[in-house]
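This report walks through one protein model, from its overall make-up to single side chains. Keep the structure open beside the text.

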Amino acid sequence: MKLFAKRKGGPKKRKAAPQADAVPDHKSVKVTKPSKEISQEEHEAFLSDIKEKCASATFNDLKLRQWMVKNCASLAIERPTPVQYVCIPKILQGQDVIAGSPTGSGKTAAFALPLMHKLSADPYGIFSLVLTPTRELAVQIAEQFTALGAPIRLKVCTIIGGCSILEQQNELRERPHIVVATPGRLMQHMIGPSPPKLNMLHAIVLDEADRLLDVDDFEQQLETVVQFVPKACQLLLFSATISKELETAFVKLKGLCGSKSKASMAQSRAVSKLPFVPGQEIPFGCGHVSDISICCCVAEMQVQVRL
């Protein structure tokens, strides 16, 4: 494919997007109770239905591009897992997402596939940041992106400690499509003399978000990084567990997005009203947070409910 061939005469300039409504400051935003509550039995039935649909669903059903469907098949990925089945359509719609699902349930592909689907329509500049707590996990995620994006020669850059900052700066100047990083090293680049250009950034992903936000240093580093991304950047949190503390941190990060960015992107966040089980450690639901929609997409439940 010649999808990523260089454009003649330099990169094509995008038309300025309409001015987005201001995202409320995180200090003035309060997490409100989800609009609908269901019983444990209804919740189990709902999750059972998701699993049943996954048994016969294909990636074609999720409206992914054909090159992605074929590449998944070549990698022996023929059917979406529950977390992929639930999250991929919502990410394609541009929604902000909080997703809880156990390790090994396919969370990386749940955000990698829809991001590459959207990226392939306009593959110029850094499209997405993926932040993760450890170097090892960053390398693993980068490898998965590379494998899933091989047909379009996806350019992935890994920004982690223990490597040359100068070499990483050179990689970032090449404007890779995906940057996978640990928060501390990325923050060094953001506040350094040659920060990466993030004006084309569409999405920021926090993988293992519970671990990222459980360490004070990580949380402070994340707060610094998100200030440099566009205000309307799509925010995706993936975690093994979901809690009210994580939702509150999500709101805070969303409120900080774009506070030091000159970029302005149109903001349109659809609101999904999904069922919520009170008292459930990992709910499947959506809670309104002022103008921000928190969509808790659970693929495989832990604690009381299991698929």
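Start with Q84. This residue sits in helix α3, residues 82-92. The model is a predicted one. Is Q84 buried or exposed? Q84 is buried, because its relative accessible area is 4%, and the cut-off for burial is under 20%. Its side chain has a polar partner there. A polar atom of that side chain lies 3.1 Å from the backbone oxygen of G106. Beyond the residues up to four places away in sequence, Q84 touches F59, L62, R79, P89, G106, A109 and A110.

**Overall make-up**

The protein has ten helices and eight strands. It is 307 residues long, and 53% of them count as buried. Contacts between residues at least 6 apart in sequence were also sorted by separation. Of these, 74% join residues at least 24 apart.

**Helix α2 and its cover**

Helix α2 spans residues 66-74. Its buried residues are W67, M68, V69, N71 and C72. Just after α2, the backbone of A76 takes a positive phi of about 65°.

**Helices α6 and α7**

Two packed helices are described by the angle between their axes and the distance between the axes. Helix α6 covers residues 165-173 and helix α7 covers residues 183-190. They pack at an angle of about 75°, and their axes are 11 Å apart. Angles of 65 to 115 degrees count as roughly perpendicular. The two helices are therefore roughly perpendicular to each other.

Which residues make this contact? From α6 come I165, Q168, Q169 and L172. From α7 come R185, Q188 and H189. By class, the α6 contact with α7 has two nonpolar, four polar and one charged residues.

**Salt bridges**

Side chains of opposite charge can pair when their charged atoms come close. How many salt bridges does the structure hold? It holds four. Three of them are set out here.

| Pair | Closest N to O distance |
|---|---|
| K53 and D49 | 3.2 Å |
| K252 and E223 | 2.9 Å |

Take K53 and D49 first. Both lie in helix α1, residues 40-56. They are four residues apart, about one turn of the helix. An α-helix has 3.6 residues a turn, so residues three or four places apart point the same way. K53 counts as partly exposed, because its relative accessibility is 37%. D49 is also partly exposed, at 31%.

The pair K252 and E223 joins two helices. K252 forms its salt bridge with E223 at 2.9 Å between the closest N and O atoms. K252 lies in helix α10 (residues 244-256) and E223 in helix α9 (residues 216-226), so the bridge ties together parts that are 29 residues apart in sequence. K252 is partly exposed, with a relative accessible area of 28%. E223 counts as buried, at 16% relative accessibility.

E247 and K244 stay within helix α10. Why are they about one helical turn apart? They are separated by about one turn because they sit three residues apart in that helix. E247 counts as buried, since its relative accessibility is 8%. K244 counts as partly exposed, at 41%.

**D210 and its surroundings**

D210 lies in helix α8, residues 209-212. D210 is partly exposed, with a relative accessible area of 22%. Where in sequence are its contacts? Setting aside neighbours within four places, D210 is in contact with S239, A240, T241 and L246. With S239 there is also a polar contact: the two side chains meet at 3.2 Å.

How far apart in space are D210 and G100? Their C-alpha atoms are 9.7 Å apart, while in sequence the two residues are separated by 110 places.

Key:
Residues are numbered from 1 along each chain as its sequence is written. This is a predicted model: local features need pLDDT of at least 70, side-chain atom pairs count only at pLDDT 80 or more; totals for chains, interfaces and linings use all residues. Side-chain values use heavy atoms; hydrogens and water are left out. Axes are lines fitted to C-alpha atoms, for helices over the stretch in contact, and angles run from 0 to 180 degrees between N-to-C directions. Angles under 35 degrees count as roughly parallel, over 145 as roughly antiparallel, 65 to 115 as roughly perpendicular and the rest as oblique. Contact means heavy atoms within 4.5 Å. Ala, Val, Leu, Ile, Met, Phe, Trp, Tyr, Cys and Pro count as nonpolar, Asp, Glu, Lys and Arg as charged, and the others, Gly among them, as polar. Buried means under 20% relative accessible area, exposed over 50%, partly exposed in between (1.4 Å probe, protein chains only). A polar contact is a pair of N or O atoms within 3.5 Å; within protein, one must be able to donate a hydrogen and the other to accept it, and residues adjacent in sequence count only if both atoms are side-chain atoms. A salt bridge is a side-chain nitrogen of Lys or Arg within 4 Å of a carboxyl oxygen of Asp or Glu.
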